[in-house]
Amino acid sequence: MKYTNQQLEEISKEAFEAARNASTKYLEEHGEPLYCGFAWVNIKPGNCQIANYLKKNNLGRPSYSGGVDVWNPSNLMTQSMIIKEIGADAFAAVLQKYGFTAYMDCRAD
């Protein structure tokens with residue numbers, strides 16, 4: 001499906017909001033787990049519509065492994081890898097709902 005810039009903006013906002021809401025809910029219910037690390041979403045191919053939109057708006061950057069990465073899409077200032085993973089999963093789920101290939105990835109600190 002071909003999306004307009006307005007639709008891509010709305011999809012992006014929905015994804016970032018889903019990431020923030022999911023991470024915040026987990027934090028409020030469980031506190032901050034002490035397992036430090038990073039989580040991000042990888043979108044492939046790196047020239048799909050949403051990847052191009054995110055790059056153009058400085059919300060994503062080219063990935064070393066191909067595609068485009070969006071780091072810590074929940075934007076919560078935490079070191080907890082679990083909280084960041086939950087946000088990245090929620091972000092990827094929104095993009096997948098619109099037909100994009102997006103997956104959460106992570107690594108411990």
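Begin by selecting Val41, which touches Val68, Asp69, Val70, Pro73, Ala88, Phe91, Ala92, Ala102, Tyr103 and Met104, with residues up to four places away in sequence left out of the list and with contact meaning heavy atoms within 4.5 Å. This is a predicted model, in which local features need pLDDT of at least 70 and side-chain atom pairs count only at pLDDT 80 or more, whereas totals for chains, interfaces and linings use all residues. Residues are numbered from 1 along each chain as its sequence is written, and side-chain values use heavy atoms, with hydrogens and water left out.

Now select Ser63, in the loop between strand S2 (61–62) and S3. Ser63 is buried, with a relative accessible area of 13%, and its side chain is joined to that of Asn42 by a polar contact of 3.5 Å (a pair of N or O atoms within 3.5 Å; within protein, one must be able to donate a hydrogen and the other to accept it, and residues adjacent in sequence count only if both atoms are side-chain atoms). Apart from neighbours within four places in sequence, Ser63 is in contact with Asn42, Val68 and Asp69.

Finally, turn to the salt bridges, of which there are 2, each defined by a side-chain nitrogen of Lys or Arg within 4 Å of a carboxyl oxygen of Asp or Glu. Select Lys97 and Glu14, whose side chains meet at 2.5 Å, N to O; this pair links distant parts of the chain, with Lys97 in helix H3 and Glu14 in helix H1, 83 residues apart. Lys97 is exposed at 54% relative accessibility, while Glu14, at 27%, is partly exposed.

The other stop is Glu9 with Lys13, a salt bridge of 3.1 Å, N to O, both residues lying in helix H1, 4 residues apart, or about one turn of the helix. Here Glu9 is partly exposed, with a relative accessible area of 27%, and Lys13 is exposed at 52%.

Conventions
Helix = DSSP H or I, 4+ residues; strand = E, 2+ residues; numbered from the N terminus. Buried < 20%, exposed > 50% of the residue type's maximum accessible area, 1.4 Å probe, protein only.
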